[in-house]
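Please read the following briefing alongside the sequence and the coordinates.

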Amino acid sequence: MGEHHVSERANEEQLQAFMRALLDDVAALERLLEEDRIESGVRRIGAEQEMFLVDRALRPAPVALEVLERAADDRLTTELARFNLEANLPPLPFGGGCLRRLEAELADVVGRAAEAARAVGADVLLAGILPTLRASDLRLESLTPAPRYHELNRALRELRQGDFRVSIHGLDELEMTHDNILLESCNTSFQVHLQVGAREFAPLYNLAQAVTAPVLAAAVNSPLLLGQRLWHETRIALFETSVDTRPSAREGRQHKPRVHFGDGWVREGALELFREDIARFRVIMTAETGEPPLAALARGEAPDLRALRVHNGTVYRWNRPCYGVAEGVAHLRIESRALPAGPTLLDEVANAAFFFGLMSGLAERHPRIDQEMPFEDAKANFFAAARHGLKAQLAWTGGRTLPAPELILTELLPAAREGLAAAGIDAADIDRYLGVVEERVRRGQTGAQWALASLASMAGQGTPELQCRALSAAMLARQQEESGSGGAGRPVHTWEPAALEADRELLRDSYRTVGQFMSTDLFTVRPTDIVDFAASVMDWRHVRHVPVEDERGRLVGVVSHRALLRLVARGAAASNGSAPPTVASIMRADPVTITPETPTLEAMRIMREQRVGCLPVVAGERLVGIVTERDLLDVAATLLEAFLREG
């Protein structure tokens, strides 16, 4: 939505006025197209860089406003969360050294942001999803304090008629509900723009839809969300659900989510997409629209079409049509939104070069991609690439289905080289950027694969919190490795797996709250279960405490090993023809509980004073973990070992 003056909650009259302006903008765009007043014969590229701000412990740092004030750079702006920033880069003519200039511009703006961040005790980290994010980072107080973000949150929740629901299944599973839109802030991307002419928009947009999957397969960089290993590019699944405004009652009525890939090839052009999105998706944001567009047209000027652009900013196609005006001339762009931020600036520009090269190199080979492959294949490819990365099988023209690496190496990279050369891109830059993609694919090491391999190498070492922090620390160090802070970094295909560090301060930061080390793989029983079942669970799982939940999943008690021993001592467990004792008869009802944010020292104090051997960890009424005496002994041993080793 950029810097539009978005209105706070609009009344019905304001919504109607904005809709009138929106329809006027569509009519004006139709005239621009009819009169051939959209710039053509020109190719320009652009990019938007989203980034995380992290503190010394590699956790989200909610200091965006302070960083922006210190950086004083017009290219930088806010994003949804206080721990995110966005950089908007100026467009470049597509040719010559544009890719090298794009990398230099990225290095400069990210470097300025990082310098400002360090002045307030933070840094900039590029990641599709930050490994160290926790659910507690996504509370409403993390929302950037700007009217448009609060209005977006209110409007989307109102449309949803309740909490947002996330369900993502990968190596692990994530099922959760959330009461605000900040799940969207878990995603950061590297969005690229390609300016195209009006008459060529439809075939080129369709081509973008087709090539997005193989480009994404080679670029995946987001395998973790809230500690769970999900898709290779989990951003795709998360974004589609985190702002899904469809009430559950309507999901069966073929209502489309606001984040979507599309449902068919484009037949006519950009106007077709704008009309569809206006017809399908309700207005959720209004803004001052200024002069009627027909007045600008009457003077021979290009209208701003502000209402159209504001509404377009609230519909999230993975390839989105964009209208703009530069130096008084109207133009159209294809905005590719699927690529993640990171792992390095060099990797990002390499991904962009691959996309731009394919758009140039395949336009003549496949002028009507819509007649060469079913749309359903392009859509299925997209989600296969997001799920599996380079392990995806991709359908392509001629009815072929190929492993992603084979399709990329044998067919698409050569086409991208031809496309960049035809656009006049410097030969050395073609080799530099497409060479990065080629080596990444040959070695099979995307950012996602590196992260998963790193976690596998750390299995059994430290806590999940420490492992995620080690990933983030390695990412940050290697992004800055070659060119200094804000530099391009060493590309991900050259990275060794991340390793745990025995830094004393880092360890201490990793055990400050119980949520950082609590056990979350829980086995529970119900009050009506027989005691023998609870005893068996304890024996099988080698645990001394089992939480008790009712039929609604609420914590109602805890069964301890000591309670079982007392029962046996009384002889109550013996079979004497009566009904066997149940968990309800021996559990400690209404147990003392803590939250994930409870400080570790406070948990230790509670255990001593209450004389309990475990503390269930709850969020609201929901059981999310447990901390036992053994857990605290392990924490103490780890910290003591690190202290004595550094001596």
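This is a predicted model: local features need pLDDT of at least 70, side-chain atom pairs count only at pLDDT 80 or more; totals for chains, interfaces and linings use all residues.

- Strand S1 covers residues 44-54, where strands (E, at least two residues) and helices (H or I, at least four) are DSSP runs numbered from the N terminus.
- Of the 11 residues of S1, 10 are buried, a term that stands for under 20% relative accessible area, with exposed meaning over 50% and partly exposed lying in between (1.4 Å probe, protein chains only).
- S1 pairs in the antiparallel sense with strand S4 (residues 92-93) over two bridges, pairing being assigned if DSSP finds at least two bridges between two strands.
- Five bridges join S1 to strand S8 (residues 190-196) in an antiparallel arrangement, with Gly46 standing opposite His193.
- Strand S3 (residues 84-88) also runs antiparallel to S1 and is joined to it by five bridges, and here Phe52 stands opposite Asn84.
- Strand S5 (residues 123-125) is joined to S1 by three bridges, again antiparallel, and Val124 of S5 is the bridge partner of Leu53.

**Hairpin S15–S16**

- Strands S15 (residues 393-396) and S16 (residues 400-403) pair antiparallel over four bridges, and Leu394 has Leu402 of S16 as its bridge partner.
- Three residues separate the two strands of this hairpin, and Gly398 in the turn has a positive phi of about 75°.

**Helix H4**

- Helix H4 (residues 147-160) has 14 residues and should span 20 Å at 1.5 Å a residue, which agrees with its end C-alpha atoms being 20 Å apart; the expected span is 1.5 Å times one less than the number of residues.
- Among the buried residues of H4 are Arg148, Glu151, Leu152 and Leu156, and what covers the buried residues includes strands S2 (76-78), S6 (164-169) and S12 (316-317).
- Gln161, which follows H4, has a positive phi near 60°.

- Leu99 touches residues including Ile45, Phe356 and Leu420, a contact meaning heavy atoms within 4.5 Å.

**Crossing of H10 and H12**

- The axes of H10 (residues 345-361) and H12 (residues 404-422) come within 7 Å and cross at roughly 80°, the axes being lines fitted to C-alpha atoms over the stretch in contact, with angles from 0 to 180 degrees between N-to-C directions.
- The two helices are therefore roughly perpendicular to each other.
- Residues making the contact include Phe354 and Phe356 of H10 and Leu412 and Leu420 of H12.

**Loop residue His232**

- His232 is found in the loop between strand S10 (228-229) and helix H6 (234-242), and it counts as buried because its relative accessibility is 10%.
- Beyond residues up to four places away in sequence, His232 touches residues including Val220, Arg387, His388 and Leu452.

Methods
Residues are numbered from 1 along each chain as its sequence is written. Side-chain values use heavy atoms; hydrogens and water are left out. Angles under 35 degrees count as roughly parallel, over 145 as roughly antiparallel, 65 to 115 as roughly perpendicular and the rest as oblique.
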